[in-house]
Amino acid sequence: MTARTTVRHETGVGLPWWMWIPATIGFALIALPVFGLLLRADWAAMPSLLLSDSALDALRLSLITAAVSTFLCLLFGGPLAVILARARLEQRPRLLGAIRSIVLLPLVLPPVVGGLALLFLLGRTGLVGRGLDLAFGITVPFSTAAVILAQTFVAMPFLVVSLEGALRTAGERYEAVAATLGASPALAFRRVTVPLVLPGLASGLVLAFARCMGEFGATISFAGSLEGTTRTLPLLVYLQRESDESGAVALSLLLVVVSLVVIVVGRPRGMDGRG
Amino acid sequence: MTQRVSTGRLAGSVAVAAAALMVMAGCGGGSGDSGAQGGAPSGADAAPQTLNVFAAASLKDTFTTIEKQFEQENPGTDVTLTFAGSSDLATQINNGAPADVFASADDNNMKKVTDPGLTAAAPARFATNTLQIAVAPNNPKGITSLAQLADPANKVVVCAPQVPCGSAAQKVEKAAGVDVKPVSEEQDVKSVLSKVTSGNADAGLVYVTDVTAAKDAVQGVSFPDADKAVNNYPIAALKSSKNQELANKWVQAVTGPTGQQTLKAAGFGAP
């Protein structure tokens with residue numbers, strides 16, 4: 001298996017020389033601002049800035065909510081992707097396309113709009129929220145559950161897109177073969193489909209988790225901001241910036257590190273370009 | 001055969017991941033900095049004199065009124081107003097934003113601009129503001145005192161202590177000996193107000209002027225210790241202004257009788 005790959009990498013196809021120029025600019029555009037953040041950091045004060053109660057509370061809250069939200073993305077987004085990729089609706093051929101357009105909306109929608117939409121649905125005067133408040137005395141905004149809802153809302157399309165793409169690329173030939181050998185749809189799904197799309201699923205999960213960690217707009221407009229309950233790391237960075245720039249820089253670097261860990265450790269085979 | 005299939009599948013998932021990352025990067029960048037460039041001058045028409053005024057968000061209604069009077073009294077002048085949180089504006093000015101005048105909602109943020117010597121003259125105080133409790137119209141929860149905000153049955157929203165309205169809230173709580181347990185500490189006073197107007201919070205600590213500006217959407221409840229935290233509003237022309245004369249004129253318009261009248265009508269206190 002490595003023989004062909006190696007040959008392709010070593011001789012390659014010749015690259016036009018000018019390709020390096022825009023590529024370098026593109027790389028610098030991403031790398032330099034992060035480098036600037038490193039230069040701006042107050043390294044001596046870093047430990048005390050990062051170990052403050054508010055920073056630790058925010059980190060803990062961010063990790064927990066992002067993990068729960070990613071799990072919810074898998075729980076609900078996974079089957080959604082399978083249906084979008086595989087379901088046959090002979091009667092309503094356009095229905096799946098319409099569903100897909102709506103599911104992908106949070107990808108392009110500004111997160112703050114998503115937060116407002118959630119607020120108008122689940123807020124205390126919202127369509128569903130009013131009922132929850134009157135019947136059970138439950139108010140969703142200002143709770144950790146609201147943070148998780150906001151994150152799941154914005155992150156789920158990332159999982160759906162990745163997984164649906166993987167399912168479509170994999171095709172259904174192996175499942176068809178499995179069926180001729182007597183496997184039930186459930187068995188074929190578990191033993192054939194899932195292993196085939198695992199790289200796509202993994203990259204989808206990593207993307208969804210990263211998106212949850214970085215979620216800001218929907219959270220601040222729907223869940224509010226309170227230490228230990230709803231103030232995640234990005235919200236704390238935005239707030240610290242008002243009064244304490246070096247604190248904001250330290251927390252930003254923490255988010256950069258967390259993101260790098262997610263990319264490097266959690267990187268699925270599909271994302272490192274080699275497979 | 002297996003090899004080819006698996007390569008294709010991986011290429012597919014890489015492409016999808018890359019596309020998703022691109023979208024993600026695009027969305028992430030847009031969420032935080034809206035309005036940062038909002039007040040940039042057009043520069044297309046060189047004939048009229050333009051004046052860029054950076055002002056605290058709480059000055060939106062009053063400065064818009066003063067702008068109209070100012071442009072009438074100074075024909076050929078085009079005033080561009082940029083409203084945002086004072087600390088955001090101070091950061092932008094310190095990073096070279098093309099502002100001619102800065103009006104801050106507190107002394108602290110004006111100090112960020114005077115410290116590096118960016119103002120043309122010492123800032124002049126032109127207004128004060130105090131806190132009030134904002135509740136829903138007709139006050140359904142019957143809130144009449146600051147002490148009632150400590151009752152967990154009332155969902156209370158305040159500003160975070162890092163921003164001016166939040167530090168003012170802390171001061172009045174301390175003076176009154178009340179420990180408010182908010183359900184959220186918002187980034188700015190307008191967010192506090194919107195949590196009350198949308199019915200998601202029962203009460204919020206906002207400025208008197210925010211209650212006035214919200215008209216019928218909320219009701220204001222005054223409390224005795226409000227005068228323990230008085231916010232001063234300073235204004236100053238900036239050194240980098242290409243039109244010092246016009247910048248000074250704007251400062252005079254705000255500190256002068258007509259400007260003061262407009263501010264008073266909106267609920268601001270005298271400087």
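L134(A) is exposed, with a relative accessible area of 70%; exposed means over 50%, buried means under 20%, and partly exposed is in between, using a 1.4 Å probe and protein chains only. This is a predicted model, where local features need pLDDT of at least 70, side-chain atom pairs count only at pLDDT 80 or more, and totals for chains, interfaces and linings use all residues. Residues are numbered from 1 along each chain as its sequence is written, chains are lettered from A and ligands numbered from 1 in the order in which they are written, and side-chain values use heavy atoms, leaving out hydrogens and water.

**Around L134(A)**
- You'll find L134(A) in helix 8 (residues 129-136) of chain A; helices (H or I, at least four residues) and strands (E, at least two) are DSSP runs, numbered from the N terminus.
- R124(A) sits 10 residues from L134(A) in sequence, and their C-alpha atoms are 9.1 Å apart.

**The cores**
- The largest nonpolar core has 63 residues, and those with the most contacts inside it are L59(B), F63(B), F126(B), I133(B) and W250(B). A nonpolar core is a set of buried Ala, Val, Leu, Ile, Met, Phe, Trp, Tyr and Cys residues joined through side-chain atoms within 4.5 Å.
- Helix 8 (residues 244-255) of chain B gives the most to this core, namely six residues.
- This core lies between domain 1 (49-128 + 233-265) and domain 2 (131-228) of chain B, because both give residues to it; the domain bounds come from an automatic or database domain assignment.
- A second, separate core has 37 residues, including A66(A), A166(A), A170(A) and L196(A).

**W250(B) and its partners**
- Setting aside neighbours within four places in sequence, W250(B) is in contact (heavy atoms within 4.5 Å) with residues including L51(B), V53(B), F63(B), F70(B) and I235(B).

**Aromatic pairs**
- Over all chains, the whole structure has six aromatic pairs. Rings of Phe, Tyr and Trp (its six-membered ring) pair if their centres lie within 6.5 Å; planes under 30 degrees apart count as stacked, over 60 as edge-to-face, and the rest as tilted.
- F70(B) and W250(B) make an edge-to-face pair, 5.1 Å centre to centre with 75° between the planes.
- That pair links distant parts of the chain, with F70(B) in helix 2 (residues 60-73) and W250(B) in helix 8 of chain B, 180 residues apart.
- Both F70(B) and W250(B) are buried.
- Y233(B) and F268(B) are also edge-to-face, at 5.2 Å centre to centre and 75° between the planes.
- Y233(B) is in strand 10 (residues 231-237) of chain B and F268(B) is in the segment after helix 9 (257-265) of chain B, so this pair ties together parts 35 residues apart in sequence.
- Y233(B) and F268(B) are buried too.
- Ring pairs join F63(B), F70(B), F126(B), Y233(B), W250(B) and F268(B) into a cluster.
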